[in-house]
Amino acid sequence: MPERFEVGLPDGVRLNVEATGPTDAQVTAILLHGWTLDGRAWHRQVEALTAPQFGDAVRVVAYDARGHGRSSCMALPTATLAQLGDDLAAVIDAVAPTGPVVLVGHSMGGMTIMEYAHRHPAHFAARTAGLVFVSTTAEGHTHTVYGLSPRIARLIRLAETTGAGVLARCGSWRAPRALLNALRPSIRWMLFGDRCEPADIRLVTSAVARASLRSIGGFRASIGTQHRLDTLAALAHLPAAALVGDRDRLTPPPCAESIAAALPATELTVCPGAGHMLMMERPDEVNAALTGVVRRVIAESPTAHLGASPPAHRGASPPAHRGAAPAETGA
């Protein structure tokens, strides 16, 4: 069973964190979810990284971003990718104070990793040993046309950004579950490709229901305007992978292609028929890319080989508040 605890941030926000594996593991994989989602989106990847093949070599950490899931809401001015990058630095210090870290980001989570690298370059260089980008972009909404004509996409973006501004002023309120259930066909169209399991739709709907309206609306502006290709170009020495679905309406293949171009050694995987939720739609492909990067990091570690016991000095006890009940796994 994963352990749950909270990481407190300087502005009073408390992040919900779930961790699996020993605190003194050789490598810590930190999984960052997308906009309006929460850490439960990674449940299939947590299973892959905690499989017996890795022994005690890997610790897996997934946390809910501010304003999402079980984490507390925040002041509107802090609903930015820049703040999420600062939050990631704080989470790393709290949950993995020593040892190499593999950062895995989906959508907004991938953008958070880029912002962390941009804002904390020395911290990033000292701690980060591998990267996995899933359905994300380094170019804001440059390539986002929702699978429609550019003219219609511009109209949708105008309506979306206007609505985001309204939602951002709604504070910690959450969308009514009945409304989200009615919107499930739209959620399915926007986020998924050719195939979709009912349980995955339920999980996504449940996550959106937990996100504060302030976070749903507030993060939209910085997500649309972020550009970090130059930051990525400085990270080309790291083991990395990028994955995208060819039916992704939010971060289509050109987004992943530009990331791969900035990181020439990156393994690029395009999944036919898949949409934006690759961790759920194509878990085998995502898990293969993720475990591949983790294995490379373990192999390059100065400590033992895969499955051997890491040195006792690594890691530290997690923060307090670890006694909460297990997370829900569905709607």
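The secondary structure of this predicted model comprises 14 helices and eight strands, where helices (H or I, at least four residues) and strands (E, at least two) are DSSP runs numbered from the N terminus. Residues are numbered from 1 along each chain as its sequence is written. Because the model is predicted, local features need pLDDT of at least 70 and side-chain atom pairs count only at pLDDT 80 or more, while totals for chains, interfaces and linings use all residues; side-chain values use heavy atoms, with hydrogens and water left out.

Of the 331 residues in the protein, 55% are buried, that is, under 20% relative accessible area with a 1.4 Å probe and protein chains only. Among contacts (heavy atoms within 4.5 Å) with a separation of 6 or more, 82% join residues 24 or more positions apart.

In soluble globular proteins, nonpolar side chains tend to be buried together. A nonpolar core is a set of buried Ala, Val, Leu, Ile, Met, Phe, Trp, Tyr and Cys residues joined through side-chain atoms within 4.5 Å. The largest one here has 46 residues, of which Leu49, Val58, Val134, Val204, Met277 and Val294 touch the most other members. Helix 14 (residues 283-300) gives the most to this core, namely seven residues. Apart from this core lies another, of 44 residues, including Val7, Val17, Ile30 and Leu103.

What line the largest cavity are Leu32, His33, Tyr63, Ala65, Leu84, Met108, Gly109 and Thr112; lining residues have an atom within 4 Å of a point of the cavity, a set of points on a 1 Å grid where a 1.4 Å probe fits but cannot get out. Helix 3 (residues 108-119) supplies the largest share of this lining, three residues.

Terms used:
1 Å grid on protein atoms, 1.4 Å probe; cavity = no way out; pocket = protein on both sides within 12 Å on 5 of 7 lines; lining within 4 Å. Buried < 20%, exposed > 50% of the residue type's maximum accessible area, 1.4 Å probe, protein only.
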